[in-house]
Amino acid sequence: MGYMEIIIGGIFVNNILLAQFLGNCPFLGTSKKMETAVGMAMAVVFVLVLAGVITWVLYAFFLAPYKLVYMRTIAFILVIASLVQFVEMFLKKSIPALYAGLGIFLPLITTNCAVFGACILNIDKELNFMKTLVQSTAYAVGFGLALILFAGVRERIILSRVPKPLQDTSIGLVTAGILSLTFYAFKGMI
Amino acid sequence: MAKTLTQEFTKGLWEDIAPFRLVLGLCPVLGVTTTMENGIGMGLATTFVLVFSNILVASLRNIIPSKVRIACFIIIIATFVVITELLMQAFAYTLFLKLGVFIPLIVVNCIVLGRAEAFASKNSITLSIADGLGIGIGFTLSLAALGSLRELLGANNLTIWTTPTSIIGVQEVFGPHFQPFTFMVQAPGAFVCLGLMLCLMNLLGSK
């Protein structure tokens, strides 16, 4: 598997939001305004790449040699939780406006399946260090791309008249389905 | 306002039914519901984790310091997820392979953490068990409903349980000439299907 394949696969074909269904809570939660969507996308890119690399190191040098593979769920979630705490402190101090804008969704990255799921997928695919780095970046960029595209569409939906039972999340999901269909068209590329 | 045990149990089945009313924990809802079997299996695994983490959180609620409670809850939940993983590997290996990454992902399922934080950390053990069971069964039912709808239209089948040698369930429900609507079992179908089900729930609820 070449690097180009990993990059295109991660961003488009196996897009983490629209093809693998990971990280859908922030996808629907933060996409109502472009500003929060961009902030969330950036936070996820940062955390996902770091988490992907750190969990790989943890797995390769600690869990696998000492035969503690069954502990990986607990170990990974602890790493991710402390990483999120660190990012939170960093943003609070250096970019308070963004911190306020992200609000509840920053601590929620801890329970963001996209981050945790991507780490597990990297391990399951048995990638080496460089490929893990590239794969995590590709997943993160794919997440950001899908989230920002979706936020753009959703800002338009607010202006249109949606039937009452379909409003809010319901129309959001149907829109996500159509967006997912466009990403589905990339399937033939790999 | 004190609620009775039955009220706590039944609220998870309709009032607060997890994926629809609370719009939490959508990843497994969308990801695994390509067949009814996957939906039920995932729902039951989540229920198991939910009930036992609720019990432990409720019994430790006076000991856990409030500042580090989230971290404690996550460790409690992760422990039960590991137990589920090991149990499924032993007793339901084919299902475990099908659900794949979504089993470890129960750790980051917002519903489980949400119930620990919003309910079990404030209520007694018996009430927490009722709450966990109710929300869990509601979640299982929604997953099964979505899974069976997608499988029925997308693959023309309805499976309940797969063993390595045989499949329990109905094959070719609409007869051999039905052309399956493959869109439903693929990624875009999940979003559209859940969106329309949510719309239906809103319609029923508003009356």
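Helix 6 of chain A is mostly covered, with 11 of its 12 residues buried (buried means under 20% relative accessible area, exposed over 50%, partly exposed in between, with a 1.4 Å probe and protein chains only).

Biologist: What kind of model is this, and how are residues numbered?

Modeller: This is a predicted model, in which local features need pLDDT of at least 70, side-chain atom pairs count only at pLDDT 80 or more, and totals for chains, interfaces and linings use all residues. Residues are numbered from 1 along each chain as its sequence is written, chains are lettered from A and ligands numbered from 1 in the order in which they are written, and side-chain values use heavy atoms, with hydrogens and water left out.

Biologist: Which residues of helix 6 of chain A are buried?

Modeller: They are C113(A), A114(A), V115(A), F116(A), G117(A), A118(A), C119(A), I120(A), L121(A), N122(A) and I123(A). Helices here are DSSP runs (H or I, at least four residues), numbered from the N terminus.

Biologist: And what do they pack against?

Modeller: The buried residues of helix 6 of chain A pack against helix 3, helix 4 (72-94) and helix 7 (129-159) of chain A, together with helix 3 (26-31) of chain B. Contact means heavy atoms within 4.5 Å.

Biologist: How far does helix 6 of chain A reach?

Modeller: From its first C-alpha to its last, helix 6 of chain A reaches 16 Å, close to the 16 Å expected at 1.5 Å a residue. The expected span is 1.5 Å times one less than the number of residues. Just after helix 6 of chain A, E126(A) takes a positive phi of about 55°.

Biologist: At what angle do helix 3 and helix 6 of chain A pack?

Modeller: Helix 3 (residues 34-63) of chain A and helix 6 (residues 113-124) of chain A pack at about 40°, with axes 9 Å apart. That makes helix 3 of chain A oblique to helix 6 of chain A. Angles under 35 degrees count as roughly parallel, over 145 as roughly antiparallel, 65 to 115 as roughly perpendicular and the rest as oblique. Axes are lines fitted to C-alpha atoms, for helices over the stretch in contact, and angles run from 0 to 180 degrees between N-to-C directions.

Biologist: Which residues meet there?

Modeller: From helix 3 of chain A come V47(A), L48(A), A51(A), G52(A), T55(A), W56(A) and Y59(A), and they meet A114(A), V115(A), A118(A), C119(A), N122(A) and I123(A) of helix 6 of chain A. The residues of this contact divide into 10 nonpolar, 3 polar and no charged. Ala, Val, Leu, Ile, Met, Phe, Trp, Tyr, Cys and Pro count as nonpolar, Asp, Glu, Lys and Arg as charged, and the others, Gly among them, as polar.

Biologist: What about helix 7 of chain A, at what angle does helix 6 of chain A pack with it?

Modeller: The angle between helix 6 of chain A and helix 7 of chain A is about 150°, and their axes are 11 Å apart. That makes helix 6 of chain A roughly antiparallel to helix 7 of chain A. By class, their contact has 5 nonpolar, 4 polar and no charged residues.

Biologist: Switching to chain B: how do helix 4 of chain A and helix 5 of chain B pack?

Modeller: Helix 4 of chain A packs with helix 5 (residues 69-91) of chain B at about 155°, with axes 8 Å apart. That makes helix 4 of chain A roughly antiparallel to helix 5 of chain B. T73(A), I74(A), I77(A) and L78(A) meet residues of helix 5 of chain B, including I74(B), A78(B) and E85(B).

Biologist: What else covers the buried residues of helix 5 of chain B?

Modeller: Besides helix 4 of chain A, the cover includes helix 4 (36-59), helix 6 (93-99) and helix 7 (110-120) of chain B.

Biologist: Is S180(A) buried or exposed?

Modeller: S180(A) is buried, with a relative accessible area of 2%. S180(A) lies in helix 8 (residues 169-184) of chain A. Not counting residues up to four places away in sequence, S180(A) touches L18(A), A187(B), P188(B) and F191(B).

Biologist: And N24(A), what does that touch?

Modeller: N24(A) touches L17(A), L26(B), C27(B), L30(B) and F191(B), not counting residues up to four places away in sequence. N24(A) is buried, at 0% relative accessible area.

Biologist: Where is K67(A)?

Modeller: K67(A) is in the loop between helix 3 and helix 4 of chain A. K67(A) is exposed, with a relative accessible area of 68%, and has a positive phi of about 55° although it is not a glycine.

Definitions and conventions:
Helix = DSSP H or I, 4+ residues; strand = E, 2+ residues; numbered from the N terminus.
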